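Subject: Structure handover

Hello,

Here is the structure I said I would pass on. Please open it alongside this note, and read on for what turned up.

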Amino acid sequence: MRQEIDALEQNGTWILTSLPPGKRALGSKWVYRIKYKADGTIERYKARLVILGNTQMAGIDFTDTFAPVAKMVTVRTLLSVAAARNWPIHQMDVHNAFLHGDLQEEVYMRPPPGFRPCYKGQSYADYSLFTYSRGNIYLCVLIYVDDLLITGNSLSTLEQFKASLHKCFHMKDLGSLKYFLGIEIARNSTGLFLSQRKYTLEILSEMGLLGAKPASTPVEPNHQLAKASGSLFDNPDSYRRLIGKLIYLTLTRPELAYAVHTLAQFMHAPRHAHWDAALRVVRYLKGSPGRGIFLSSKSPLSLTAYCDSDWATCPITRRSLTGYFISLGGSPISWKTKKQHTVSRSSAEAEYRSMAMTLCELKWLSILLRDLHVPVTRPIPLHCDNQAALHIAENPVFHERTKHIEIDCHFVRDAFQEGFIYPAYIRSEEQPADILTKALHPTHFHRLASKLGISDLHAPT
């Protein structure tokens, strides 16, 4: 707490004064936290003084709030490029990052509790990614609030940049990247392995399932969760807390995307069947807590995409489910399971819409890779297991039954004609995106999971 107060005063955060008549002072409170290392040992104790801004009104007391938060796809893409090009990756943390912003408004705050004051005289694809290029030197800085990832092709320039940051801000140099946002990073000559083993074990411990028998898959095949009609779960907050943790776990576990997406639909009013299904996901994690994704150092840095849909899968709305998976030279960087916005009249239409959603992600990734000085090889193969959808993409006049499809979906056809993508057929049993749209039987599930670049062979100890 003393260190926090010293930092606030050294930065000139406040000016001590008496409260003018007619002005209202905001309160403040202390927030305590223990930061842990990847191995579970205590790194340090933190005390943060926060102002009680929850009493302020938007548009009257303030206009907007903002902190740079990088997209996790950007994090995975940057790490994949750094692994393939054998760049050093360092991490830094800004002490009291929020004190460096300029405050235009006039704000009065009561003194911190417990202390007596002393009266004395950027990439367009992701605005949290900053790049520097001069001659043969290239440097990337990715910001997640007050955590920085720094990488590039010159270690000496990287060190110079870190020294420059130290002169401007009170920084903590965390050295080579090992633990970032709860993700454990292990590196060797073959590449980077990203996992959330510690986070997974914490979930198992909190749920009391460390000794449970592992489940073979995250969700029961042929489940009827959308039609569950049993009694409501008596502790919905616990359900929401667990689902929130599982959502964060999908950052390195793409095979969980379908199960977590399905369970997240019932957070407003979960039933006992939904709670049991959520616990099954945790029991699945028991069998492989250290599983994660591998970013190869031998990657050719070329994009490959897979998309799939499950037609009219929602028994309530009859909307279809889209799933896509994108790799960069075999390293998994982007995946998603999402319900489509409109009802599709055929499986071909549902698959075509999934191609459109995947194309949006490919367009964005191509801009991001350009900012990372990675040339995008065109056309990008986009694999789909529906022949009719592929014909729609290739043929501008394909039957009367497609005329109702919105114009924005047809930019798939335009992207094909301009050579940006190459729609390619893949058999359903070989489609890795299938794991993102439906509950599969164990044998098929694990075979497709291996195609996603998921592994526990390189898990850090």
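**Aromatic pairs**

A search of the whole structure, which is a predicted model, finds 6 aromatic pairs. One of them joins Tyr 124 and Tyr 127. This pair is edge-to-face, with 6.3 Å centre to centre and 90 degrees between the planes. Tyr 124 is exposed, at a relative accessible area of 66%.

Another pair brings together Tyr 284 and Phe 445. Their ring centres are 5.8 Å apart and their planes stand at 85 degrees, so this pair is edge-to-face as well. Tyr 284 sits in helix α7 (residues 272–286) and Phe 445 in helix α11 (residues 442–451), so the pair ties together parts that are 161 residues apart in sequence. Both Tyr 284 and Phe 445 are buried.

**Cysteines**

How many disulfides does the count come to? The count is 0. Two cysteines show why. The cut-off for a disulfide is a pair of cysteine sulfur atoms within 2.5 Å. For Cys 384, the closest cysteine sulfur is in Cys 307, 4.7 Å away, so it is too far for a bond. Cys 384 is buried, at 0% relative accessibility. For Cys 168, the closest cysteine sulfur is in Cys 140, and the distance is 20 Å, again too far for a bond. Cys 168 counts as exposed, at 56% relative accessibility.

**Helix α1**

Start at residues 2–10, which form helix α1. Its buried residues are Glu 4, Ile 5, Ala 7 and Leu 8. They cover an arc of only 160 degrees around the axis, so they lie on the same side of α1. An α-helix has 3.6 residues a turn, so residues three or four places apart point the same way. What do the buried residues of α1 pack against? They pack against β1 (28–36) and β2 (42–51). On the other side of α1, Gln 3 and Gln 10 are exposed. Gly 12 follows α1, and its phi is positive, near 65 degrees.

**Strand β3**

Look next at β3, residues 89–94. Is this strand mostly covered or uncovered? It is mostly covered, with 6 of its 6 residues buried. Ile 89, Gln 91 and Asp 93 point one way, while His 90, Met 92 and Val 94 point the other way.

Two antiparallel pairings involve β3. With β6 (residues 147–152), there are 5 bridges. There, Gln 91 stands opposite Leu 149. With β7 (residues 171–176), there are 4 bridges. In that pairing, Asp 93 has Lys 172 as its bridge partner.

**Strand β13**

Strand β13 (residues 321–328) is also mostly covered: 8 of its 8 residues are buried. Leu 321, Gly 323, Phe 325 and Ser 327 point one way. Thr 322, Tyr 324, Ile 326 and Leu 328 point the other way.

β13 pairs with strand β12 (residues 303–310) in the antiparallel sense, over 8 bridges. Gly 323 in β13 has Asp 308 opposite. β13 also pairs with strand β14 (residues 331–339), antiparallel and over 8 bridges. Here Tyr 324 stands opposite Lys 336 in β14. β13 and β14 form a hairpin, with 2 residues between them. Gly 329 in the turn has a positive phi of about 60 degrees.

An open sheet has 5 strands with antiparallel pairing, in the order β8-β9-β10-β11-β17. Its edge strands are β8 (179–180) and β17 (454–455), and each pairs on one side only. β8 meets β9 (residues 183–188) over 2 bridges, in the antiparallel sense. Phe 180 has Ile 183 in β9 as its bridge partner.

Ile 183 turns up again in the surroundings of Thr 252. Thr 252 lies in the loop between α5 (236–249) and α6 (257–264). Is Thr 252 buried or exposed? It is buried, with a relative accessible area of 1%. Leaving aside residues up to four places away in sequence, Thr 252 touches Ile 183, Leu 194, Ser 195, Gln 196, Gly 292, Ile 293 and Trp 335. With Gln 196, there is a polar contact of 2.6 Å between the side chains.

Best wishes

Technical notes
Residues are numbered from 1 along each chain as its sequence is written. This is a predicted model: local features need pLDDT of at least 70, side-chain atom pairs count only at pLDDT 80 or more; totals for chains, interfaces and linings use all residues. Side-chain values use heavy atoms; hydrogens and water are left out. Two strands pair if DSSP finds at least two bridges between them. Buried means under 20% relative accessible area, exposed over 50%, partly exposed in between (1.4 Å probe, protein chains only). A polar contact is a pair of N or O atoms within 3.5 Å; within protein, one must be able to donate a hydrogen and the other to accept it, and residues adjacent in sequence count only if both atoms are side-chain atoms. Contact means heavy atoms within 4.5 Å. The arc is that of the directions from the helix axis to the C-beta atoms. Rings of Phe, Tyr and Trp (its six-membered ring) pair if their centres lie within 6.5 Å; planes under 30 degrees apart count as stacked, over 60 as edge-to-face and the rest as tilted.
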